[in-house]
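Student: Here is a structure I would like to learn to read. Please take me through its features in turn.

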Amino acid sequence: MMKNNLITLTKTMFKNDETLNNLTSKGSKSSFLKSKWMMILFVLGIAVLMGLSFGFMLADLYDALAMAELSHLIPRLLVPAAGIMVFMFGIFYVMNVFYFSKDVENYLYLPVQAGEILGAKFLVSLIYEYFIILVFFLPLLTVYGIKDGSGILYYVYMLVSLILIPVFPLVVASIISMLIMRYSSKFKNRDRFNMIAGILSLVVALGFNFGLQFFTQRFTGDPNLAIGDISELPVFKITSWVFPTSHFATEGILAYNSLNGLFSILLLLLITVLSFFLFYVLGNLLYFKGVIGISESKATRKALSKEEMEKGSRRKPILFSYALKELKLILRTPVYFLNCVLISLIYPLFILFPFLMGSGEDKAELESVFTMLQGFDRGALLLGIVGVGFLMGSINIIASSAISREGKNLYFLKYIPVPYMTQIYAKIVSAFYVEAAALVIFYGIVFYLFRIDLVFFVLSLVIVFLASLVINQIGIFLDITWPKLNWDTEQKAVKQNFNSVIHMFLGFGLVALMIFLAMKVQVSLYVAFMASLLGLLILALVLHFLLTRHVEKRFKALS
């Protein structure tokens, strides 16, 4: 009976999970992934695509390592990497499946045992981990087996290992999450956790990307040194004793044709079973005490002083007050913050990464390029900086999703005593706030690289502002023309909003145009400034006229 309840609960939770619903757009007749078979074919297709994409790279790496009789390093790196990735994603999966799913407390009233609910949630998280294993590691280890000429037993041990490897790291992630949620109230706020998790995910992704570039450069420069360093990386040594299943899985795969391989696989199975038993015992002690009341909201009940009351109720310009309201909403909503704010602040830093992560030769080459650019004509440089304004406005999707983010609350914009055009420009001003922070980073880099003077700084700042205004006017024009108002999660308002894609590509086109003009046109700084100023002012006025005529009609038409 317990087995049947466990399977039934797992199926129910998996079907109702928000992550799966967002992925498959369940309920949409036009969705490609509307059946489980389509979903399976989709995942298998991605796995094949990943195998083809990375398989050729792994084959070349195998040939290079085989010459030095070091091909065994491939599974010694891939298997611990699987454990690390499962643990990293496991924290996010466990928090969302165990605690932040909307129906989490409904299961507590069902006539099932507590352990069945706990086990079902663990299995749902485990299924998501298997997607990672299937897409990334199964194709790569299969390519290794083919290149190594391994026998059938290798593939049997490989499949068994890939099935068992995620369990132990997920148990560790689950226990850590349950301890945090049991004894700390700070992480019970879903929005706060998702924002922290999103930022950490982005940091990890960037760190992995540039770390890989760093080791690739070292490998290219000195292969023997790089191989020794990679095989002795502390992260893989630590993984061997923090996640012992990764160690035994590696040994089992490498020694598949001997008794040592079988012994390692049996130890892997034993540790996996014991870890799940530990999870079951500790979970019953920690989980239900931490999950009760998770959906309740709490008020700070802070008493305001007379000065704070006067400051909060002081009369302010409508435009900037409304813009500040928009900005606060964006900052406290994790999906909006990550997609509208964080991305805009991070991309200027990509200019610095070659200096931080590059080798000595790369840095010398970049410095010589920037030395050449310092002698670049200031007029042409100003035309190029017009493209920077377009780029900042297009990557920042605040304006191009401003109406869509209102969703079913669009009627609020019609009822408040604020003119429509004031609301439109307040939404554009909220985008300027974020772009101003990005500009601080950008101009810091420009000052360092180009040694620009104060006059150029002021002129370029005016031009960047106007270019950003123009591209944001285009973005909000697109979004009020084709708004995506029918959404049930904030993700759909920004991630599935095609207006932002059109807006972004239009911005990229204008950036390419300005770079082309900067390379082909030779003009003085002041001529470039006056031409850019006049052109952008005309565009801004034309777009303002179009918005004025278009906005009122669209607001009346939209319900």
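Student: Which residues of helix 23 are buried?

Tutor: Buried means under 20% relative accessible area, exposed means over 50%, and partly exposed lies in between, with a 1.4 Å probe and protein chains only. In helix 23 the buried residues are Asn499, Ser500, His503, Gly507, Val511, Met514 and Ala518. This is a predicted model, in which local features need pLDDT of at least 70, side-chain atom pairs count only at pLDDT 80 or more, and totals for chains, interfaces and linings use all residues. Residues are numbered from 1 along each chain as its sequence is written, and side-chain values use heavy atoms, leaving out hydrogens and water.

Student: What covers the buried residues of helix 23?

Tutor: Contact means heavy atoms within 4.5 Å. By that criterion the cover includes helix 18 and helix 21. Helices here are DSSP runs (H or I, at least four residues), numbered from the N terminus.

Student: How many residues does helix 23 have, and what does it reach from its first C-alpha to its last?

Tutor: The expected span is 1.5 Å times one less than the number of residues. Helix 23 (residues 498–520) has 23 residues and reaches 33 Å, close to the 33 Å expected.

Student: At what angle do the axes of helix 18 and helix 21 cross?

Tutor: Axes are lines fitted to C-alpha atoms, for helices over the stretch in contact, and angles run from 0 to 180 degrees between N-to-C directions. Helix 18 (residues 378–395) and helix 21 (residues 454–481) cross at roughly 40°, their axes coming within 7 Å. Residues that meet include Leu381, Ile385 and Gly389 in helix 18, and Leu459, Ile463 and Ala467 in helix 21.

Student: Which aromatic pair is edge-to-face?

Tutor: Rings of Phe, Tyr and Trp (its six-membered ring) pair if their centres lie within 6.5 Å; planes under 30 degrees apart count as stacked, over 60 as edge-to-face and the rest as tilted. The structure holds 14 aromatic pairs. One of them, Phe122 with Phe276, has centres 5.4 Å apart and planes at 65°, so it is edge-to-face. Phe122 lies in helix 5 (residues 114–148) and Phe276 in helix 12 (residues 259–291), 154 residues apart. Phe122 is buried at 1% relative accessible area, whereas Phe276 is partly exposed at 31%.

Student: Where do Tyr411 and Tyr415 lie?

Tutor: Both are in helix 19 (residues 411–415), four residues apart, about one turn of the helix. Tyr411 is partly exposed at 44%, and Tyr415 is exposed at 66%.

Note on methods: Helix = DSSP H or I, 4+ residues; strand = E, 2+ residues; numbered from the N terminus.
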